[in-house]
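Please examine the sequence and the three-dimensional structure shown below. The briefing that follows is grouped by topic.

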Amino acid sequence: MVLMSDDDMDEVLAEVGPRLRRIRKERGATLAGLSEATGISVSTLSRLESGLRKPSLELLLPIARAHEVALDELVGAPAVRDPRVRAEPIQRHGRTYWPLTRQPGGLQAFKVLVPQEEAEPVEPRTHEGYEWLYVMSGRLRMILGDHDIVLNAGEAAEFDTRVPHWFGSTGEGPVEFLSLFGPQGERMHVRARPKRA
């Protein structure tokens with residue numbers, strides 16, 4: 001399902017009238033003939049085509065049947081916007097973050113680059129939420145509660161951010177990872193095939 005903004009919906013509705021007129025003329029139909037085929041008055045059809053009447057399913061379905069076209073052809077689909085996220089990188093504490101989500105709140109995704117020369121771990125911190133990490137390249141050192149572990153490229157971790165935590169470079173080289181963060185403690189679900197016995 002594609003959710004449209006009010007502006008997108010207004011744009012689509014504004015294009016319905018001219019599209020109805022074009023399709024009717026392409027088929028060589030008159031308003032009187034279409035009225036007879038649909039049971040919709042000539043004046044209503046004329047107002048639809050001129051944009052003076054707001055289109056509704058009750059009106060568009062019989063017109064689509066009479067013209068033998070899909071309803072989508074009468075209404076038209078809004079143009080698909082460019083799906084690429086073009087966020088500017090953010091520099092913070094020597095690290096580079098690329099936001100990969102556009103909407104504020106809810107789950108947030110970041111690509112993070114930690115340089116090799118990063119300082120020693122700072123005091124682990126806590127906050128509300130739940131985080132999921134996936135190491136793309138390099139080795140990520142992670143301190144979580146009493147655990148001090150290293151994640152290699154291709155490994156993932158998930159944890160409740162109320163547990164004291166810190167993660168960064170092992171000092172052996174830069175590390176690049178993806179971070180998904182849910183501020184309300186949402187858990188991320190990874191679906192994978194079970195290992196064969």
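In this predicted model, strand 5 and strand 8 pair in the antiparallel sense over 5 bridges. Two strands count as paired if DSSP finds at least two bridges between them. Strands (E, at least two residues) and helices (H or I, at least four residues) are DSSP runs, numbered from the N terminus. Residues are numbered from 1 along each chain as its sequence is written. Because the model is predicted, local features need pLDDT of at least 70 and side-chain atom pairs count only at pLDDT 80 or more, while totals for chains, interfaces and linings use all residues; side-chain values use heavy atoms, with hydrogens and water left out.

- Leu140 stands opposite Ser169 in strand 8.
- Strand 5, which covers residues 139-144, also pairs with strand 6 in the antiparallel sense, over 6 bridges.
- Within this pairing, Met142 stands opposite Ile149 in strand 6, and the bridge partner of Ile143 in strand 6 is Asp148.
- Strand 5 and strand 6 form a hairpin with 2 residues between them, and Gly145 in the turn has a positive phi of about 60 degrees.
- The 3 strands form an open sheet in the order 6-5-8, with antiparallel pairing.
- Strand 6 (147-152) and strand 8 stand at the edges with a single partner strand each, so one side of each is left without a neighbour in the sheet.
- On average, neighbouring strands of this sheet are turned by 20 degrees against each other, direction ignored.

- An open sheet of 6 strands has the order 1-2-3-9-4-7, and its pairing is antiparallel.
- Strand 1 and strand 7 are the edge strands, each pairing on one side only.
- The twist from one strand to the next averages 25 degrees.
- Strand 1 and strand 2 run antiparallel and are joined by 3 bridges; Ile90 stands opposite Tyr97 in strand 2.
- Strand 4 (residues 130-137) and strand 7 (residues 156-160) run antiparallel and are joined by 5 bridges; the bridge partner of Glu131 in strand 7 is Phe159.
- Strand 4 also pairs with strand 9 in the antiparallel sense, over 7 bridges; the bridge partner of Leu133 in strand 9 is Ser179.
- In a regular strand, the side chains alternate between the two faces of the sheet.

**The packing of helix 2 and helix 4**

- Two packed helices are described by the angle between their axes and the distance between the axes.
- The axes of helix 2 (residues 31-38) and helix 4 (residues 57-67) come within 9 Å and cross at roughly 110 degrees.
- Axes are lines fitted to C-alpha atoms, for helices over the stretch in contact, and angles run from 0 to 180 degrees between N-to-C directions.
- Helix 2 and helix 4 are therefore roughly perpendicular to each other (65 to 115 degrees counts as roughly perpendicular).
- The contact (heavy atoms within 4.5 Å) is made by Leu34, Ala37 and Thr38 of helix 2 and Pro62, Ile63, Ala66 and His67 of helix 4.
- These contact residues divide into 5 nonpolar, 2 polar and no charged.
- Ala, Val, Leu, Ile, Met, Phe, Trp, Tyr, Cys and Pro count as nonpolar, Asp, Glu, Lys and Arg as charged, and the others, Gly among them, as polar.

**The largest pocket**

- The largest pocket has a volume of about 640 Å³.
- On a 1 Å grid over the protein atoms alone, a pocket is an open set of points where a 1.4 Å probe fits, with protein on both sides within 12 Å along at least five of seven lines; lining residues have an atom within 4 Å of a point.
- Grid points are joined across faces, edges and corners, and a volume is the space filled by probe spheres set on the points.
- Of the 22 residues that line this pocket, the closest to its centre are His93, Arg95, Tyr97, Arg125 and Phe167.
- The elements that give two or more residues to the lining are strand 1 (90-92), strand 2 (95-99), strand 3 (108-114), strand 8 (165-169) and strand 9 (175-182).
- The lining residues divide into 11 nonpolar, 4 polar and 7 charged.

Notes. Angles under 35 degrees count as roughly parallel, over 145 as roughly antiparallel, 65 to 115 as roughly perpendicular and the rest as oblique.
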